[in-house]
Amino acid sequence: MTSIAYSIQLRNNPRNFGAGVSRATYNCCLWNNNSSLKAVYQLKSRFLPAISTRIYCSSAAISVMAEEKRKASFDADKAGVIVKELRQEYNSGKTKTYEWRVAQLEGISRMVDEREKDIIEALNTDLSKPEFEAFVAEINMIKSACKLAIKELKQWMMPEKVKTPLTTFPSSAEIVSEPLGIVLVISTWNYPFLLSIDPVIGAIAAGNAVLLKPSEIAPATSSLIANLFQEYVDNTSIKVVEGAVEETSVLLEQKWDKIFYTGSGRVGRIVMAAAAKHLTPVVLELGGKCPVVVDSDVNLQVAARRIIAGKWSCNSGQTCTAADYVITTIDFASKLIAGLSSELDNFFGKDPLESKDMSRVVNLYHFRRLIKLMEEDGVSDKIVLGGQTDEVQLKIAPTILVDAPKDSAVMTEEIFGPLLPIVTVEKIEDCFELIKSKPKPLAAYLFTNNEKLKKAFVKDVSAGGMLINDTILHLTVDALPFGGVGESGMGYYHGKFSFEAFSHKKAVMYRSFDGDSSIRYPPYTLKKLNLLKSLLSGSIMQIIPALLGWSKE
């Protein structure tokens with residue numbers, strides 16, 4: 001196998017990288033295969049859309065944009081071929097067998113065990129994700145999902161017996177979980193390994209053929225998954241297509257039996273509209289502005305640590321269930337800010353931009369989006385903590401704002417970053433009106449020792465999920481469904497719910513040729529009607545006289 005040596009020159013305005021950096025050259029040696037430009041795309045994705053990238057080799061200078069255009073030759077015809085191949089594999093019955101399902105799940109489990117270092121490296125490349133966070137929030141979650149599915153699969157696949165009424169005697173009935181067919185999983189970039197593999201585990205466990213489209217915004221992880229799947233799972237029934245908007249659009253034009261999408265509400269609407277053309281069911285895992293209500297009777301240190309864990313320690317706030325804003329009383333706000341400030345120092349040091357324990361913003365586009373949120377008129381002067389930025393590292397320090405304008409972008413849009421607005425209210429019960437004024441969130445959190453407030457919060461606040469006196473951890477409980485409501489999504493998964501998300505519950509009833517009653521057949525008589533009414537009533541005192549013919553016609 002030969003290799004190609006080349007240099008990458010990044011021409012850009014100094015503002016794109018920070019002061020003093022106007023040009024960078026990277027000399028690389030890549031193997032001459034289809035993934036030879038991955039390093040370029042990884043570099044390019046980090047700084048998109050600010051750089052112009054060109055590759056220089058011994059024969060020619062080829063622009064990355066031209067290469068992207070060439071690769072974008074993935075069209076409807078090629079997508080159609082893949083869908084046809086998947087359909088043929090599914091129709092063969094192979095994926096429905098217990099043996100095939102377990103073999104694939106064991107392959108994924110083995111993949112995670114054997115290639116853990118590669119996964120951690122890819123996550124660090126895409127997001128500067130700390131190894132601890134990568135293991136806890138992505139790798140271990142996949143290990144647990146595989147372990148549970150392998151352990152429980154026979155039970156999940158077993159038909160569920162149900163009772164039948166007297167009117168169908170003699171009979172028996174059951175609910176059979178059957179696979180839907182071929183499914184499309186469109187993943188996102190913030191947890192690019194977890195949110196790609198976790199739905200696939202459910203789809204495989206349910207017996208489907210699967211096509212995974214990882215996020216192009218996390219190119220290192222996307223490339224790694226594509227390569228690992230070639231090695232560890234059945235590539236005839238489980239396929240990966242890499243790419244961006246064009247590839248995703250072409251895939252959405254195809255007929256699928258289910259589409260599972262994780263990402264923004266804007267793209268979720270596009271996915272749902274495309275699915276509607278084929279009457280394809282969807283699961284949409286979206287997001288929203290997740291509130292955190294903090295009462296004044298809490299253990300301040302514990303509450304502060306858990307809020308930080310559910311915000312800045314979770315991918316620097318780039319998490320769909322991260323704390324988006326805090327509601328507390330005017331009297332308690334200053335104490336809460338002091339508690340958060342103290343624990344932030346303990347977690348990330350006095351200069352959090354240099355901390356190795358906090359992820360970076362995924363790319364320059366999102367970095368600048370977050371800067372714009374902070375610098376909006378009427379918002380910048382509300383910053384009481386943090387606000388430091390480093391465009392070279394794509395890092396923003398944990399930033400707290402107090403009482404930003406209600407109509408500001410930071411209070412109306414999902415933040416998805418390390419900014420945390422605090423909204424003050426006169427009394428803590430005022431939180432209900434504020435939360436209800438916004439679309440239903442994917443998660444809602446409450447910190448309090450007040451049992452009455454806990455009950456009211458659970459009863460009156462509608463959210464995809466809820467956690468009292470902590471954040472995020474409910475996602476780790478496989479017996480709980482994870483999903484949104486309203487604009488935060490539809491459908492749910494995790495644990496057995498993942499299996500059910502990709503299954504059809506087929507109603508099956510069995511009868512013999514014995515016990516065939518003429519009551520259901522014409523000619524209809526009053527005697528038959530009286531007997532039918534007595535049987536439907538379930539009262540033995542009515543059934544016996546009807547059977548004996550004591551009722552008059």
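Some ground rules before we start. Residues are numbered from 1 along each chain as its sequence is written, and side-chain values use heavy atoms, with hydrogens and water left out. Because the model is predicted, local features need pLDDT of at least 70 and side-chain atom pairs count only at pLDDT 80 or more, while totals for chains, interfaces and linings use all residues.

Cysteines come up now. A disulfide here is a pair of cysteine sulfur atoms within 2.5 Å, and the count by that rule is zero. Take C314: its nearest cysteine sulfur belongs to C320 and is 10.0 Å away. For C320, the nearest cysteine sulfur is that of C290, at 7.2 Å. On exposure, buried means under 20% relative accessible area, exposed means over 50%, and partly exposed lies in between, with a 1.4 Å probe and protein chains only. C314 is buried at 11%, and C320 is buried as well, at 15%.

Next, the empty spaces. Rolling a probe the size of a water molecule over the atoms shows where empty space is left. The search runs on a 1 Å grid over the protein atoms alone: a cavity is a set of points where a 1.4 Å probe fits but cannot get out, a pocket is an open set with protein on both sides within 12 Å along at least five of seven lines, and lining residues have an atom within 4 Å of a point. Grid points are joined across faces, edges and corners, and a volume is the space filled by probe spheres set on the points.

How many cavities of 30 Å³ or more are there? The count is one. The largest cavity holds about 40 Å³ of space. C320 is part of its lining, together with residues including G288, K311, E414 and F416. The lining of the largest cavity has four nonpolar, three polar and three charged residues.

The second largest pocket has a volume of about 770 Å³. Its lining has 32 residues, and V136, A137, A309, S313 and C314 lie nearest the centre. By type, the lining of this pocket splits into 18 nonpolar, eight polar and six charged residues. Which helix gives the largest share of that lining? That is α7, with seven residues. Helices are DSSP runs of H or I, at least four residues, numbered from the N terminus. Helices α8 (194–205), α12 (300–309) and α13 (330–348) are among those that supply at least two residues each.

Last, salt bridges. The rule asks for a side-chain nitrogen of Lys or Arg within 4 Å of a carboxyl oxygen of Asp or Glu, and the count is 21. One of them joins K143 and D113, with the closest N and O atoms 3.4 Å apart. K143 sits in α7 and D113 in α5 (residues 98–114), so this pair ties together parts that are 30 residues apart in sequence. K143 is partly exposed at 23%, and D113 is partly exposed at 46%.

K213 and E216 form another salt bridge, 3.3 Å from N to O. K213 is buried at 2%, whereas E216 is partly exposed at 33%. Finally, salt bridges link E89, K94 and D234 in a network.

Note on methods: Ala, Val, Leu, Ile, Met, Phe, Trp, Tyr, Cys and Pro count as nonpolar, Asp, Glu, Lys and Arg as charged, and the others, Gly among them, as polar.
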